[in-house]
Amino acid sequence: MSARLTAGKALRLGLLVAAAGLGLAAMTAPLRLAPEDLRAVYAGPPETWPAPEIDPGVTYVELAPRPLPPRPAPGSAAEARRALGEKLFADPVLSASGQIACDSCHNRRLGWGDGLPRSLGHGRQEGPRNAPALFAAGAGLPLFWDGRAATLEAQALGPMANPVEMANADLGAIAPRVAADPAYPPLFEAAFGPGPVTLDRIAAALAAFQTHLDRPTRLDRFLAGDGRALGDLQIRGLHLFRTKARCANCHFGPLLSDGAFHDLGLSFLGRGREDLGRFAVTGLPEDAGRFRTPSLRHVAQSAPYMHNGIFPHLPGVIRFYAGGGGASARLPEAPGPVETGAATPSPLVRPLDLGPDDVEALVAFLEAI
């Protein structure tokens, strides 16, 4: 019995030493490992993984499953608000023309986007930006590409008032239009109790619906201990994501976003597609050209990519970062603070040595998150 226990301890010690050796190998020569060795390195919880390659000043949070908000109980007022929000989300009554609904630009079949580089709105006008995916809309990240809304309720009012989107010149006209439909007043009473249909209640119902759009991913299952949730190529992509490809400098934690704003060199300053991003909200020159880091949850379903939808596919996005980002700004001879800000890319974006096999592995991983 004693001999068997000693042998068991020796075996366990040997396995620990082997795993530690693989972890060291992954940090020093990460891509020379065989797939089964890299899988062994990532077999344990994230705290046992190789250290990510993170720049100084980045407050990194390790990848983790997102704890999704619980679905409201059937028959509850919370569920009535969520269901009312779902109905309103699909109803063009919220637009001045009666032709555009929230789901015109945020379609569940298109990853809660619309599949277009830039969305079409009132009178078939093209907006300046890509419709963001809504999977993580209720998670507390800044909303819109420039972060101009802090809450889902505030976000809901923006498209309603925008003349290029739902084009309501008078927001006060929306609630009476909704209340005129006999189906709505009892739904509002079930959701909020007695009282009139109001714009605040409309926004609250839309927010309740959007809070519950996310769902578990294969990466969530892998991070929760299901090693079969990711294939070997996806695990290689995970390792690249955290190390050589430098993705984890901005995309980390359960939401795969730092919640910050970065200049990727895509402001198109001085050109036809000029968009100064966060600067329009803060007025700070250093914010010119900065845009929100989107959550990457379900990212493979929400093409095209970037604030202007310039990249139709994920491989193009990866190659863009591998090339060190963009250089779209056209500076005048004597640039001022705003022009200088827009032409100053984030120091987190730099050229990368990524080959075709690396791009393939990263795409495979992104398809699982």
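**Cysteines**

Start with the cysteine sulfurs: a search of the whole structure finds zero disulfides, a disulfide being a pair of cysteine sulfur atoms within 2.5 Å. This is a predicted model, where local features need pLDDT of at least 70 and side-chain atom pairs count only at pLDDT 80 or more, while totals for chains, interfaces and linings use all residues. Residues are numbered from 1 along each chain as its sequence is written, and side-chain values use heavy atoms, with hydrogens and water left out.

Select Cys102. Cys102 is in no disulfide, and the nearest cysteine sulfur, in Cys105, is 8.9 Å away. Cys102 has a relative accessible area of 15%, so it counts as buried. Buried means under 20% relative accessible area, exposed over 50%, and partly exposed in between (1.4 Å probe, protein chains only).

Go on to Cys247. The closest cysteine sulfur belongs to Cys250, 9.3 Å away, which is too far for a bond. At 21% relative accessible area, Cys247 is partly exposed.

**The whole chain**

Zoom out. The C-alpha atoms fill a box of roughly 80 × 65 × 30 Å, taken along the principal axes. Color by secondary structure: the chain has 14 helices and two strands. Helices (H or I, at least four residues) and strands (E, at least two) are DSSP runs, numbered from the N terminus. Of the 369 residues, 46% count as buried. Take the contacts between residues at least 6 apart in sequence: 68% of them join residues at least 24 apart. Contact means heavy atoms within 4.5 Å.

**The largest core**

Next, select Tyr42, Phe222, Leu238, Phe241, Leu366 and Ile369. These have the most contacts inside the largest nonpolar core, which has 47 residues. A nonpolar core is a set of buried Ala, Val, Leu, Ile, Met, Phe, Trp, Tyr and Cys residues joined through side-chain atoms within 4.5 Å. Now show the elements that give two or more residues to this core: α2 (35-41), α9 (218-223), α10 (232-242), α12 (314-322) and α14 (356-366). The largest share, six residues, comes from α14.

Center on Tyr42. Leaving out residues up to four places away in sequence, Tyr42 touches Trp49, Pro50, Phe222, Ile235, Leu238, His239 and Arg242. A second, separate core has 34 residues, including Ile100, Ala149, Ile174 and Leu213.

**Helix α14**

Eight of its eleven residues are buried, so α14 is largely enclosed by the rest of the structure. Pick out the buried ones: Asp358, Val359, Ala361, Leu362, Val363, Ala364, Phe365 and Leu366. Which helices do the buried residues of α14 pack against? Show α9, α10 and α12 around them.

**The cavity**

On a 1 Å grid over the protein atoms alone, a cavity is a set of points where a 1.4 Å probe fits but cannot get out; lining residues have an atom within 4 Å of a point. The search finds one cavity of 30 Å³ or more. Grid points are joined across faces, edges and corners, and a volume is the space filled by probe spheres set on the points. Select the lining: Ala64, Leu219, Asp220, Leu223, Gly253, Pro254, Leu256 and Arg297. These divide into five nonpolar, one polar and two charged.

**Last stop: Ala280**

Finish at Ala280, in helix α11 (residues 279-282). Ala280 counts as exposed because its relative accessibility is 65%.

Key
On a 1 Å grid over the protein atoms alone, a cavity is a set of points where a 1.4 Å probe fits but cannot get out, and a pocket is an open set with protein on both sides within 12 Å along at least five of seven lines; lining residues have an atom within 4 Å of a point. Ala, Val, Leu, Ile, Met, Phe, Trp, Tyr, Cys and Pro count as nonpolar, Asp, Glu, Lys and Arg as charged, and the others, Gly among them, as polar.
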